[in-house]
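Visitor: Pick one part of this model and take me through it closely, please. I'd like the cut-offs spelled out as you go, and some context from the rest of the chain.

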Amino acid sequence: MQNSAETAFVVVALLGVVAFLVWLVFFTGEGYKGIWEDLKSIGSNKKKERFPVPIFDRSKIDLPRPKKPKLGTISREPINFNEQQLRDWAEQLQQSIKDIRKEANELAKAYNSMPPSLVEDPSKPRRKPKAAPKAKTTKRPAAKKAAPKKPAVKPKKKAAPKKKGR
């Protein structure tokens, strides 16, 4: 009785494993083709990447591209100035030159009329503000120097004896 129960359990377990393998092969992923490729790669000496990086292929994507605009020829009409326009333009330029010179003269006169204390000389560095004056101290007359004495000879100390290991 015990032997038949074990046999029945083993048969059911084997049928479950076989059903799982059939499901894996036919109903998931690449199926038997993927398993066949895996078995081929085991036999060959090529090292397969653990996590292969997919390569992007632009040919699989068909994007509508805008049409390139046609470049037309640039045509410029020549500018025809008549003599009156040229004279007016020359007069405007001369008048603007006179105005600029007049303003420059006015600025130069204003600069020259400034007091010298306000005129800044670029060649001289700016002065820093002076610090507050210190209290004056009276100088004492220097003391007379005495004749130099011979330096005293200090007795040299002997080095301490080294202690032996602890």
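Guide: Let's start with confidence: pLDDT is the predictor's confidence in each residue, on a scale from 0 to 100. This is a predicted model, so local features need pLDDT of at least 70 and side-chain atom pairs count only at pLDDT 80 or more, while totals for chains, interfaces and linings use all residues. Residues are numbered from 1 along each chain as its sequence is written, and side-chain values use heavy atoms, with hydrogens and water left out.

On average the chain reaches a pLDDT of 77, and 68% of the residues score at least 70. Where pLDDT is low, the predicted coordinates should not be read in detail. The chain has three helices and zero strands, where helices (H or I, at least four residues) and strands (E, at least two) are DSSP runs numbered from the N terminus.

My pick is helix 1, which spans residues 2-27 and holds Phe-20. The unreviewed UniProt entry annotates residues 6-27 as "transmembrane region"; such positions follow the numbering used here, feature names are shortened, and annotations may be inferred rather than shown by experiment. In the model, residues 6-27 are 100% helix and 0% strand, with 31 Å between the end C-alpha atoms.

Now zoom in on Phe-20. The structure holds one aromatic pair. Its partners are Phe-20 and Trp-23, whose ring centres are 6.0 Å apart with planes at 35 degrees, so the pair is tilted. For that label, rings of Phe, Tyr and Trp (its six-membered ring) must have centres within 6.5 Å; planes under 30 degrees apart are stacked, over 60 edge-to-face, and the rest tilted. Along helix 1, Phe-20 and Trp-23 sit three residues apart, about one turn.

What about exposure? Buried means under 20% relative accessible area, exposed over 50%, and partly exposed in between (1.4 Å probe, protein chains only). Phe-20, at 47%, is partly exposed, and so is Trp-23, at 42%.

Both residues also belong to a nonpolar surface patch of about 910 Å², together with Val-17, Val-18, Leu-21, Val-22, Leu-24, Phe-26 and Phe-27. Patch members need over 30% relative accessible area and no salt bridge; like charges are joined within 9 Å, and nonpolar side chains (Val, Leu, Ile, Met, Phe, Trp, Tyr) within 5 Å. Areas come from the Shrake-Rupley method with a 1.4 Å probe, and for residues only the protein chains shown count as cover.

For context, buried residues are 1% of the 166 in the chain, which exposes about 19600 Å², 61% of it from carbon and sulfur atoms. Elsewhere, helix 3 (residues 83-112) has the highest mean pLDDT among the elements, 93. Arg-87 and Glu-83 form a salt bridge, with closest N and O atoms 3.2 Å apart; the term means a side-chain nitrogen of Lys or Arg within 4 Å of a carboxyl oxygen of Asp or Glu.
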